[in-house]
Amino acid sequence: MKRRAFVKNTTLGAVGTLFIPQFLRSMDLVGLDKRTSFKKLVVIQLSGGNDGLNTIVPIENDIYHRLRPKISVSKTDTIKINDELGFNPALEQFNKLYKDGLVSVINSVGYPNPNRSHFRSMDIWHTATNSNEYSKTGWLGKYMDAYCDNSHSMLEIDSQLSLSLHGNIRNGLAVKNSFSLHKSLNDNYFRHIIESAEASDLHEDNQGYLYKTLIQTNQSAKYLAKTHTVKDNNLEFPKSILGTKLGTISQFIRSGFGTQVYYASHNGFDSHVNQRKSQDRLLKDYSDSVYAFVESLKKAGEFDDTLILTFSEFGRRVKENGSSGTDHGKANNLFIIGNNLKKPGIYNEAADLNHLDDGDIAHKIDFRNIYSDIITEWFGKDSTKIISTNFNSLEII
Amino acid sequence: MEIKKVIHLYNRFGFGVNAADIKKLSNISFEKKLEKESIDTLKIDLSEYDGINFKGLTENQKRDLRKASRTKLIELNVLWMKQMISSKNIVQEKMNLFWHHHFSCIIKNPVYAQQFTNIIRQNATGDFKKLLLEISKSAAMIDFLHTKQNKKKQPNEDFARELCELYTLGRDQEYTEKDIQEIARCFTGWNHQFSGNFFINKKQHDSGEKTIFGKTGNFNGEDVIDLILEKKACAHFICKNIYTYFVNPVVNQAHVDELAHVFYSNDYDIKQLIVYIANSEWFYADENILTKIKSPIEFIVGLSRQFKIENTSSRSWITVQRIFSQVLFQPPNVKGWKVNQEWIDSNSLPLRLRFPSIILSNGELNIDPKPNYDENPYEGKSQNKFSKRLGFNYNWAYFFEQNEGIDFKQLFFNNKISTQVEQFVENRKFDSKEEEVIQLISFPEYQLN
């Protein structure tokens, strides 16, 4: 009998793991399921352009306070990081992770010839191309093409798939939960056509291709529904959209999914008007959700194998606009969360506000350098198939 | 013409037919049908753009203008959708869609978008040379491929490269890197005014001698287009694209050669080319029937024509286009929208199969596209926000009236249907005629034409 089944059957089942004797729990944690020993990446996308300056605040910087008379975060409000920087007060839980050495903050991340359009800049981040090149495939999609076999190797918790997860040969799968796809394919009608297609020889033509895709989709749907066994109430997660998404991902990981990349976006950062109110709320949601996520993985012994990348398509203009908000900017800070980071803390010096690029923070680190490190140092794979430029390691991961 | 041929012909050079259409169209030749069709341009009210001096605007005015532009572009997009769904001139409309696909161009300015689509509309079945030249001079293309930045002292090769690679010759076909550089010089100074009108900035134009395809002269942009069209490779490249779009995604070399010969020897006359296809016996061969995967627009427009589906809000069509990843005027990049099997994956297929039943049962679509960047996730029940807004009307009575007496398997699949599906239909009792129809168009085969 498998040990996991033993634990389930003989002890407490629905009551949970609380009362399981310590030795059984630790056995449950160490590789009961082979699939959990591989590296996983969780990408959290802050959509709309998060204002990095009000996230990690340069508390002592006069330029910051002068250019933002209405919306700057005062030193006394922030949670102190060091003499120069403080967290936005909404990031209380995030600060706990930071103090435990689980976070790297990388400043001034961007790319050459930046584009201030949401759509274009997001596409550039998704495709990892130069800013004047257009591509139909995303960096994670290309990774899938090279190194994965199933569409459930990469899951986005959403009803639509991001460009990031589009490959040439295969795409990731967008699902809101483990059952919706299965449910939608599980009525009489679909069951019949899938079963009869499975039983027949399909041709290489487009008709055959449609049926093959349907069969594959059904297999993925069944896989998700069957594999999703950990279904706790996720009480410790915020009840927000992001909290629900990360709760779902946590359950998938703890259920032993063979998925390597999970993708979730956190929307609403386009703060042109009354930024403090909207951004602080989003940041608190992010902070609470990520904290709950990390804690849930730690308890399950899964955190060591999980890396979390948080990015936004651009930062915002240093100078506030006339409506207590900020307009689209350029470079921004980016977070990497994980255990055993090489250089936890503030990775590089804070944004240089003395030398702005047309009113915006200029980029010092190319985001593709970080992607390339994730591919080589986290996944242990060759990044040249995915990122065209060759970068030296940043020694973060 | 026999029914099977009529259905196939107007599946490809149109968006599908109903029984009433078949009756009319089987009595006239394709050439006659083309003659009867008129050219419809798109026109929305753009008077607010008249006489604007863009450089003189304040930041706030520019922002307002950009906002207004987004709304106007949606208006133009929806007008185009309605045009495809309701027009009698189906060959024209299909050709318009094809040329937008061929001359892939991302357009944000509604004035330039209207200019661009009307250039295509006026030339879609006319002279390819004129079409190519006017597209090259259009404000949308000049902006998109940086012709504006192409100056005597600092040439920008973007347009020159795509002109050869994507619009006329095909990648690395009979041109060299040196040719691209020389061609770029010929287009230096090509520019447009804010109003969209084309002009050549003489100070930026390089009037020196250039050598292109081994020929030397003081060529300008128009000369380049002549030089390119002199090459049979150009006719060949266009015909290959036409073949994979209208005939079969798998190329039959002999047929493409045949088309290239016709196109080239008739001085790139588009009408004669498509009439030739429609009159070819091989076009109707079994291997070409129901072998193409519909693009989302073909799928949605075809369905809407059949059931008289109308949007109840201006956002409805935009949302559907976004969900299926084919937004008019917004191809993903210069290479254009996806084609054929690229449209189908585990995400899009279930949605496509479910779409007809969802739309035709209550006219509401319960799916969220990716949110706009300015939407607040905490406002309202954002999960349901879209489905509420996304309303459609549909007309079953119209469908049955127009399709009296026809076998639905012929209507939807031209009788090319897998045996297992055949059995399913035969063994099943349907509660209503509507249910039978919905079931039929939920088959994977309905994604083909």
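Helix axes here are lines fitted to C-alpha atoms, over the stretch in contact, and angles run from 0 to 180 degrees between N-to-C directions. The model is predicted, so local features need pLDDT of at least 70, side-chain atom pairs count only at pLDDT 80 or more, and totals for chains, interfaces and linings use all residues. Residues are numbered from 1 along each chain as its sequence is written, and chains are lettered from A in the order in which they are written.

**Two helices of chain A**

Let us start with α10(A), residues 241-254. Helices are DSSP runs (H or I, at least four residues), numbered from the N terminus. The axes of α10(A) and α11(A) lie 9 Å apart at about 15°, which means that the two helices are roughly parallel (angles under 35 degrees). Among the residues of α10(A) that meet α11(A) are Leu242(A) and Ile253(A).

**Where the chains touch**

Chain A gives 39 residues to the contact and chain B gives 35 residues; two residues are in contact if their C-beta atoms, placed from the backbone, lie within 7 Å. On chain A's side, α9(A) supplies the largest share, 10 residues.

| Class (chain A side) | Members | Residues |
|---|---|---|
| nonpolar | Ala, Val, Leu, Ile, Met, Phe, Trp, Tyr, Cys, Pro | 14 residues |
| polar | the others, Gly among them | 21 residues |

**A closer look at Ser442(B)**

Ser442(B) follows α22 of chain B. Leaving aside neighbours within four places in sequence, Ser442(B) is in contact with Tyr189(A), Leu353(B), Pro356(B) and Ser357(B). Arg354(B) is 88 residues away in sequence, yet 6.5 Å away in space, C-alpha to C-alpha.

Definitions and conventions
Angles under 35 degrees count as roughly parallel, over 145 as roughly antiparallel, 65 to 115 as roughly perpendicular and the rest as oblique.
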